[in-house]
Amino acid sequence: MNLQSTSPASPRLKLLAVSLAYPPLAYPRSIQVARLLKFLDASTVLVCCDEPGARKDLTIEPDAEAKLAACLRVPFELSRGQRFFDSIFYRFHKRLWNRRNMAPDNYGSWKTAVLSEIERYRRENDYRPDAIVTFAQPFTDHLIGLELKKRYGLPWLAHFSDPWVDNPFNKYDEETQALNLSLERKVVESADILAFTSQETIDLVMAKYPGDWRLKAQVLPQSFDPSLFQNARSTKDRRITIRYVGNFYGNRTARPLIAALQLMVENDQASLDDICFELIGISDASVIRDAGGDALPAGLLNVYPSVEYSESLRLMTQADGLLVIDAPAELSVFLPSKLIDYIGAGRPVLGITPPGTAADFIRQLGGPVADPSDTQKIRDILVSFIDLLRERRQASVNTPWGTPEVREQFEAAIVAKSFEFMLKRLTHYD
């Protein structure tokens, strides 16, 4: 069976896309996939997930579906019993959880349903796409792409977000690691283009593969939509507000920030009288207490729960400054999606992040960076960062902050053009 189009060239490239994450599902990946497809000049049929019980946010790219040729929402839901046993295995026996789900995630049953839905749509609509694209995470999306490649022989672009096997936050046992490595290798070998969000991720992931496979790897970063931001800010609050937007998990904590603030309080508390730090999206305030946040002066560090996506953009735009806080590491290849939204907000950014992609990027923008393990350096850059924010406030500076040439590279329309170029080169589409 061959899905390759044999009809005369149509005005737009026909793309079959698979992404479990898509609005209104409130996953970070939903935002980036919807934005990329929204600005892409192609006729796209998207297969995404209908996941009852998952958190939804109707403010995430509300017109995303209207830009598609078709949107096929395939249900996925674990039974109550499956959820119960999953939670038990995950909590008390991670190796059994990995075995039960057969890696790389627990969406394996969704793969079968998606393949059936694509075949139904193909048959009923005589659908003949020019190419396939799959978006991870979850990496089950790429396993779907692997099967589609086998069945139909179409050009395939596999878009990675975070690394798969090489992700340092994946605590695989030896057997599960081997299984994931086998699956990743099949995807890397079979896909025609491998898109990663940074060069550092390419270097990390592709180091273990043959050199000619590396030629398939290209950078396609995340993006921001300038139309979603308003640069006008309220000046009613006399205090200078510095915000962090996003939750903490694993080794990513507020401890490096809190330790530096404690040092500032000990040495010159008066310099913080007009400063307010806000952590937006903290689901469990105890993580701040456990990190020593309660010992700080009242009002210096405030914690708020998650907000809708549109509200998070407003809060970014109305802040004086924005924070990136990452987990300690020798080298980090991660480029947080919130950092890309920070660029759109146009406010000065300070990075508490280890050497690597995010640190280099913030420096390119013109922002200060300190390693999470270096409390004194964090304290020092906080002092200079606060001075910068005071100067901007006093001068009523309202132009977007950040090196213009760097910001422009991440605008949604520019990134979508790069994506379109990859697809046209892949399909020899004129």
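Author: Hello, and welcome! Two strands pair if DSSP finds at least two bridges between them, and strands (E, at least two residues) and helices (H or I, at least four) are DSSP runs numbered from the N terminus. The model is predicted, so local features need pLDDT of at least 70 and side-chain atom pairs count only at pLDDT 80 or more, while totals for chains, interfaces and linings use all residues. Residues are numbered from 1 along each chain as its sequence is written, and side-chain values use heavy atoms, with hydrogens and water left out.

Reader: Thanks! How many helices and strands are in the chain?
Author: The chain has 430 residues, and 53% of them count as buried (under 20% relative accessible area, with exposed over 50% and partly exposed in between, using a 1.4 Å probe and protein chains only). As for its elements, they come to 16 helices and 13 strands.

Reader: What share of the contacts with a separation of 6 or more comes from residues 24 or more positions apart?
Author: Contact means heavy atoms within 4.5 Å. Among contacts in the chain with a separation of 6 or more, the share from residues 24 or more positions apart is 77%.

Reader: What part of the accessible surface belongs to carbon and sulfur atoms?
Author: Accessible areas come from the Shrake-Rupley method with a 1.4 Å probe, and for residues only the protein chains shown count as cover. The chain totals about 19200 Å² of accessible surface, and the part belonging to carbon and sulfur atoms is 51%.

Reader: In which order do the 6 strands of the open sheet lie?
Author: Let's start at one end: β10 (301-304) and β13 (369-370) are the edge strands, each pairing on one side only. Strand β9 (residues 275-280) is joined to β10 by 4 bridges and runs parallel, with Phe-277 opposite Leu-301. The pairing in this open sheet is parallel, and the order is β10-β9-β8-β11-β12-β13.

Reader: Why is β4 described as largely enclosed?
Author: Its side chains point both ways: Ala-131, Val-133 and Phe-135 go one way, Ile-132 and Thr-134 go the other, and all are buried. β4 is largely enclosed by the rest of the structure because its buried residues number 5 of the 5.

Reader: Which residue of β5 is the bridge partner of Phe-135?
Author: On one pairing, β1 and β4 run parallel over 4 bridges, and Leu-15 has Ala-131 as its bridge partner in β4. β4 and β5 are also parallel, again with 4 bridges. In β5, the partner of Phe-135 is His-159.

Reader: What is the hand of the crossover from β4 through α5 to β5?
Author: Picture the strands pointing away from you: a crossover is right-handed if the path from the first strand over the helix to the second runs clockwise. The β-α-β path from β4 through α5 to β5 is right-handed.

Reader: How many of the 13 residues of α5 are buried?
Author: Helix α5 (residues 140-152) reaches 18 Å from first C-alpha to last, close to the 18 Å expected at 1.5 Å a residue, where the expected span is 1.5 Å times one less than the number of residues. Its buried residues include His-142, Leu-146 and Tyr-152, and β1 (14-18), α4 (108-125) and α6 are among the elements covering them. Just after the helix, Gly-153 takes a positive phi of about 65 degrees. α5 is mostly covered, and its buried count is 10.

Reader: Which residue of β7 stands opposite Leu-194?
Author: Strand β6 (residues 193-196) sends Ile-193 and Ala-195 one way and Leu-194 and Phe-196 the other, all of them buried. Ile-193 is the bridge partner of Leu-157, as β5 (residues 156-159) and β6 pair in the parallel sense over 3 bridges. β6 also runs parallel to β7 (residues 217-219), joined by 3 bridges, and the residue opposite Leu-194 is Ala-217.

Reader: How far apart in space are Pro-23 and Asp-63?
Author: Pro-23 sits in the loop between β1 and α1 (28-39) and counts as buried at 5% relative accessibility. Beyond its neighbours within four places in sequence, its contacts include Ser-30, Ile-60 and Arg-73. Pro-23 and Asp-63 are 40 residues apart in sequence, and their C-alpha to C-alpha distance is 9.4 Å.
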